[in-house]
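Look over the sequence and the fold below. Then follow the text through the helices, the loops and a few single residues.

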Amino acid sequence: MLTDKNIQGAMPKDQPFILWDSELKGFGCRVFPKGKKSFVIMYRVNGKLKLVKLAMVGDVTLHAARKRAATELAKVRLGQEDIATRRHEERKAPTFADLWARFETDFAPNLIKLDRMKERTLMEYRKIIRRHVLPWLGEKKVKDIARADIERTAKRMMHISTSRNRALAVLSRLMNLAETWELRPQHSNPVKGIMRARETARDRVLGESEMQRLNAALLNLEGQHLFEVRAIVVAALTGLRISEALSLHWSNVNLETSRAVLPVTKTGKRTLILAGPVKAILEDLPRVNDSEWVFPSHYTRRGACAVTYKSTRKVFEQACHAAGLEDVRLHDLRRSFATHLAARGVSAFLLRDTLGHKTLAMSNRYVQQASDALSDTAEQGAALIAGLLEKKV
C-alpha cells in the first residue's frame, strides 16, 4: 500500500518510475530523476492506455490524492468523460480574445454587409475592446468569465463614465453571442445587472459671435486644407454629421435639383436638400483626378479615398484654437444648427426630418431647450412673480 513514508523514502533513478498503490488499482506516485514526485492515475479508454498527473506531491495530501484518483477512475469505469479528455477540451476552450476575434473578423463584417451594423460602429467597438478590455480579460476563458471579472474591468474605467458604459454594452453583446454560439451556458451573461454610470448629455452650442470667429479661422486655413474646411462648413450649414458630409459622392449629388442622396447614415438612407449656400460651395469645389468623392483626400494620386475624419478634426481643432473657442467639438456644429433653428420656432417634426433622426426624442430636446416661445414664457413668468413680490399690501 502506498504510504507517506515509502513516498518520502523513494530515491530517484536514471529513469522515471512509479510506486503503485496496492489499495487502489491504477493509482500511484511517479518519481522523476531529479527528485520531483507526482500523484498519477493510469487507465485505458477505447483501448488506449493513458497516464495522467493529478497533482504534485506536497501540493495535496496522499489521502486527498487517493480520494480524487478513486473518483476519476470510477468515471472511466462508468464511461464518463475522463480527466485527460476534459483537460484537452479545457485547453481548447476559447478565450475572450478568441471570442472578440470571431466577432471582429467574421460576425461583424457579415452584419455590415447586411446593413445591420455600420463600419464606424465596429471601429468604436474595436477601440473600446482593445484599449479597455483585452488587457484584462483577453486570456480568460469565455466560459469562466464571471460577474466579478466584469466588475473589476468596469472599475478601472470609473473616471471615464461614457467609455465605461460603452464597454459594458459591447461586453453584454459579446456574452450574449457566446451563449448563442454555445460557448457559455444559456442565461449566464455576467454583464447583466451591472449598474451603468450616469451620463450628462453634452449641450455645447456656438453663439453668433463664436460662429463668426470660427468662420474667419476656417477661411484662413482654406488655402492649405480646402476640402477639410469645405466639409466642415457644409456640415455646419446642413446639420449633417461630419461622417455623413465626408461620405458624399458626386454620383449622389444633383446640383440641378438641389438634392443629395445619403445611401448610408446612422438611421438609414435619406435625401438632403441642398440650400443655396451649400449648393454654391459644392458648385465651386474643384474635381481632383475625377475623384468620386465630393471631399477627396489631398494625399491620393487617383482620388480613390475621401478626406479622413482624423484630418478634418485636426483642421477643426486648429480653427477653434485660432478663434479662441474652448470645449468645442465637430458634433457641436450639428447641435448648434438644430438649436438655432429650434430657437426660431422650427417644430420638432421638421427638425427630425431635417436632421435625419429616427424619433422625435432628440428633436424635442432642441425645441425644449431653445424655443423662443419658452424664453418668452420664462420672461413672462419671472415678471409676473417679481410684480407679485414687489406689490405692496
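The buried residues of helix 2 (62-77) are covered by elements that include helix 1 (4-9), strand 2 (27-31), strand 3 (37-45), strand 4 (48-56) and helix 3 (83-92). This is a predicted model, where local features need pLDDT of at least 70, side-chain atom pairs count only at pLDDT 80 or more, and totals for chains, interfaces and linings use all residues. Residues are numbered from 1 along each chain as its sequence is written, and side-chain values use heavy atoms, with hydrogens and water left out. Helices (H or I, at least four residues) and strands (E, at least two) are DSSP runs, numbered from the N terminus.

Which residues of helix 2 are buried? They are Leu62, Ala65, Arg66, Ala69, Glu72, Leu73 and Val76. They cover an arc of only 130° around the axis, so they sit on the same side of helix 2. The arc is taken from the directions from the helix axis to the C-beta atoms. His63 and Lys67, on the other side of helix 2, are exposed. Buried means under 20% relative accessible area, exposed means over 50%, and partly exposed lies in between (1.4 Å probe, protein chains only).

Helix 2 has 16 residues. Its first and last C-alpha atoms are 22 Å apart, close to the 22 Å expected at 1.5 Å a residue. The expected span is 1.5 Å times one less than the number of residues. Just after helix 2, Gly79 has a positive phi of about 80°.

Now take the helix pairs. Two packed helices are described by the angle between their axes and the distance between the axes. The axes of helix 2 and helix 3 come within 9 Å and cross at roughly 90°. Helix 2 is therefore roughly perpendicular to helix 3. Arg68, Glu72 and Lys75 of helix 2 make the contact with Ile83, Arg86 and Arg87 of helix 3. Contact means heavy atoms within 4.5 Å. Axes are lines fitted to C-alpha atoms, for helices over the stretch in contact, and angles run from 0 to 180 degrees between N-to-C directions.

How do the axes of helix 4 (residues 96-113) and helix 5 (residues 119-137) cross, and within what distance do they come? They cross at roughly 180° and come within 11 Å. These two helices are therefore roughly antiparallel to each other. On helix 4, the contact residues include Phe96, Trp100, Phe103 and Ile112. On helix 5, they include Leu122, Tyr125, Ile129 and Leu137. Angles under 35 degrees count as roughly parallel, over 145 as roughly antiparallel, 65 to 115 as roughly perpendicular and the rest as oblique.

Helix 4 and helix 5, along with helix 6, also pack against the buried residues of helix 7. Among those buried residues are Leu168, Val170, Leu171, Leu174, Met175 and Leu177. The 20 residues of helix 7 should span 28 Å at 1.5 Å a residue, and the end C-alpha atoms are 29 Å apart, which agrees. After helix 7 comes Glu182, with a positive phi near 60°. His159 is exposed, at 65% relative accessible area.

Next, follow the chain to Arg204. This residue is in the loop between helix 7 (161-180) and helix 8 (208-221). Is Arg204 buried or exposed? It is buried, because its relative accessible area is 17%. The side chain of Arg204 reaches the backbone oxygen of Glu326 at 3.3 Å. Leaving out residues up to four places away in sequence, Arg204 touches Glu210, Glu326, Asp327, Val328, Asp332, Arg335 and Ser336.

Ser336 belongs to helix 13 (residues 331-343). Its relative accessibility is 0%, so Ser336 counts as buried. Besides Arg204, it touches Val205, Leu206 and Met211, again not counting residues up to four places away in sequence. The side chain of Ser336 reaches the backbone oxygen of Asp332 at 2.7 Å. Ser336 and Ala236 are 100 residues apart in sequence, yet their C-alpha atoms are 8.1 Å apart in space.

Finally, the whole protein. It has 16 helices and seven strands. Of its 393 residues, 39% count as buried.

Technical notes. Polar contact = N/O pair within 3.5 Å; in protein donor to acceptor, adjacent residues only side chain to side chain.
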